[in-house]
Amino acid sequence: MRCALTGFFSIVSCLVGSGLLGCGPSSGSAPAAAPSGPGPAAAASEAAGPPAVEATLESVGLDASAMDRSVDPCTDFYQFSCGQWLERTEIPSDEAAWTRSFNEIRKRNELELKSILEAAAQGAPGTDTAKLGTFYAACMDEAAVEAAGKAPIAPLLAQAAKVKDRQGLAALVIELHRQQIAPFFEIAPVQDPKDATRWIADLDQGGLGLPDRDYYLRDDERSTKLRATYLEHVERMLVLAGTPAARAKAGAREVLALETELAKVSKTRVERREPKNMFNRFERAQLAAAAPGFDWDAYFQKLGLAEVTALNLSAPKFFSGLSSVLGSAKPEALHAYLDWQIVRGMARHLSKPFVDESFRMEQALTGQAEIRPRWRRCLATTDNALGDLLGQAYVQSHFAGESKAAAENMVHAISAAFQRELGSLTWMDPSTRERAGQKLAAMGYLIGYPEQWKPYGFDVDRKSYAQNVLRARVFDLQRELAKVGTLVDKREWQISAPTVNAYYSPQRNHMVFPAGILQPPFYDVKSGVAVNLGAIGMVVGHELTHGFDDEGSQYDAQGNLADWWAPEVGKRFKEKTQCVARQYGEYEVQPGLPINGQLTLGENIADLGGVKLAFAAYRALRQAAPERVNAGGFNEDQQFFIAVGQAWCAKGRPEYERMMVQVNPHSVPRFRVRGALAGLPEFASAFSCPADAPMLAKNACSVW
Ligand SMILES: [Zn+2]
């Protein structure tokens with residue numbers, strides 16, 4: 001399962017979304033400002049401290065060659081931290097964006113994982129290692145994949161061609177959903193909002209081929225052009241699936257029309273950020289009335305959910321709309337849509353014409369110049385299908401474990417910082433403060449890798465890659481749906497151990513930091529405390545703050561959706577969060593393309609809190625230190641902030657940035673830095689910034 005978890009309604013807040021958005025170098029000729037910083041090493045805040053020892057930036061874990069010291073940190077801190085890196089870094093042709101931290105680690109990880117998989121392919125038959133290696137080897141066997149052509153989806157296309165009535169349609173949708181090909185809507189288990197210890201079934205909106213509903217509904221020139229590209233893409237895919245060329249053009253138009261109808265009744269991404277709207281309990285009998293025209297009984301029975309009497313509908317309006325679409329669509333339109341969904345759902349795992357056509361659309365959306373080499377795509381698919389087998393092998397050979405203890409220490413230091421902070425917040429009242437403290441005390445954390453590795457009880461065949469993918473998906477969905485009606489196991493992980501990301505789950509009230517992210521430049525045992533706290537400490541603070549962002553704050557210590565706020569405190573909190581929405585809404589990623597302050601609100605609150613808490617924790621950890629380290633002319637406070645900036649040095653292609661602004665709940669990296677520092681007095685003081693410095697926001701917001 002991917003961390004972005006955007007398809008299914010899954011309430012997890014990741015550190016980064018599906019890939020990172022970058023930012024171009026600041027528009028060319030930077031004015032030759034007279035830098036007021038970095039200033040003398042001993043800033044006022046540390047003047048009276050212990051004696052200083054001199055060190056290089058590299059020795060504390062910072063990258064001097066990334067910085068642009070000709071820029072005043074109080075004017076543009078991002079450029080100051082990353083300027084030379086932005087100048088010299090080219091986004092690789094097979095990437096849509098590139099980040100100094102995430103992508104550099106991923107690149108390293110991928111090479112390590114590749115050698116693990118190549119060795120696993122030689123493993124003794126019948127073992128888990130062999131299964132892992134065989135899956136990867138079958139994917140790498142290009143000749144076999146080319147020879148298979150569209151054969152792996154031929155049975156599904158044949159079944160689609162025979163659909164004549166309601167029963168036939170339901171039977172096909174069931175078969176496709178089992179294989180995680182998702183026409184019309186999606187199904188997954190979610191935690192019961194009122195009893196987070198239990199799983200219930202959730203039906204969610206879906207069935208679109210473009211990244212968001214707005215792509216269908218916007219009338220601007222760019223959206224219109226993108227839809228024209230999409231029409232051509234669907235047409236070519238239909239031809240590849242076997243539709244006569246003469247019919248494919250009309251078929252593509254019918255697909256777009258049908259998806260547009262689904263888009264109209266779909267919730268927006270901002271609406272989907274409101275937990276109260278996402279939980280709507282329905283009895284099975286009510287569902288038949290709310291969404292008539294579909295054989296729900298057959299659907300639940302065939303997916304092993306015959307016993308389910310009540311479920312969640314995250315978008316009720318969508319399901320009544322779906323009924324109308326199903327009731328009015330012409331048979332040929334339905335057939336075109338089903339063919340399209342089948343080919344779309346499997347294209348990346350079929351022969352070259354399918355893969356190339358799939359990439360053409362991706363290219364239009366992201367600007368990526370070239371497709372990734374086959375081994376990288378095979379690695380990603382293997383991770384998706386057998387994540388815990390891969391994770392297990394990775395941890396054995398590449399996770400020393402020392403970073404686990406360090407991360408644990410940081411969690412404790414940052415949790416303590418939040419507790420102290422909570423005591424001093426003037427907008428809190430005693431009862432809300434106490435309940436926030438209880439939630440903090442109950443917050444769990446998982447670090448490194450899961451206690452128990454998941455088994456994968458399906459066969460993998462060296463000769464049939466696409467069938468392996470389908471078997472993995474069938475097994476995965478069965479395992480997921482089998483949870484319905486059972487108790488939640490909070491030890492379960494939702495991303496694999498090598499993943500370079502982290503997340504917070506409000507319904508489990510825990511944070512998760514996989515082995516993948518506990519590496520330089522996020523964490524290095526050799527780095528200084530200030531630098532480690534500025535990098536991985538900021539990540540820990542970010543995840544912890546998610547427990548108290550605009551969404552997380554609606555869940556209690558047990559993970560239940562419950563209002564634990566005194567009304568007037570809740571009102572003040574809401575005002576504070578709206579300040580953040582306004583602050584970020586003023587940042588323009590490209591001219592005329594502002595950040596969506598409501599879509600990114602939770603992540604921005606987490607970024608604000610994350611940096612603030614990590615700073616407080618670093619200060620506490622260094623309080624009793626016998627000396628202070630000056631590195632390359634920067635004191636420890638300054639090193640902390642440079643580490644924050646350098647964790648986000650990033651570039652993104654303009655098309656990709658545009659897409660991410662529409663769909664990604666995270667702000668683009670340069671604004672993650674600017675937004676989080678704009679209202680932080682500790683930053684202003686570290687670099688002796690004057691009150692009117694461009695980096696500082698006049699109406700700066702702070703929540704936690
Ligand atoms: Zn986050």
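User: What should I know about the model before we start?
Analyst: The model is predicted, so local features need pLDDT of at least 70 and side-chain atom pairs count only at pLDDT 80 or more, while totals for chains, interfaces and linings use all residues. Residues are numbered from 1 along each chain as its sequence is written, and side-chain values use heavy atoms, with hydrogens and water left out.

User: OK, how many disulfides does the structure hold?
Analyst: The structure holds 4 disulfides, where a disulfide is a pair of cysteine sulfur atoms within 2.5 Å. One of them joins Cys139 to Cys378, with an S to S distance of 2.0 Å.

User: Where do Cys139 and Cys378 lie?
Analyst: Cys139 lies in helix α4 (residues 128-140) and Cys378 in helix α17 (residues 374-398), so the pair ties together parts that are 239 residues apart in sequence. Helices here are DSSP runs of H or I with at least four residues, strands are runs of E with at least two, and both are numbered from the N terminus.

User: And is Cys139 buried or exposed?
Analyst: Cys139 counts as buried because its relative accessibility is 3%, and Cys378 counts as buried at 1%. Buried means under 20% relative accessible area, exposed means over 50%, and partly exposed lies in between, using a 1.4 Å probe and protein chains only.

User: What about the link of Cys82 and Cys649, which hand does it have?
Analyst: That link is left-handed, with -85 degrees about the S-S bond. Cys82 sits in helix α2 (residues 77-88), whereas Cys649 sits in the loop between α24 (636-647) and β14 (650-652), 567 residues apart.

User: Switching topic, which residues are the protein donors of the zinc ion?
Analyst: The donors are Cys14 through O, His542 and His546 through NE2, and Glu603 through OE, lying 2.0 to 2.4 Å from the zinc ion. Donors are N, O and S atoms within 2.8 Å of the metal (3.2 Å for Na, K and Ca), and sites may look incomplete because water is not among the atoms.

User: What are the angles like at the zinc site?
Analyst: The angles among its 4 donor atoms run from 94 to 136 degrees, and the site is irregular. Four donors count as tetrahedral if all angles lie between 85 and 135 degrees; four count as square planar and six as octahedral if opposite donors are over 155 degrees apart and all others between 65 and 115; anything else is irregular.

User: Is Cys14 buried or exposed?
Analyst: Cys14 is buried, with a relative accessible area of 4%, and His546 is buried with 1%.
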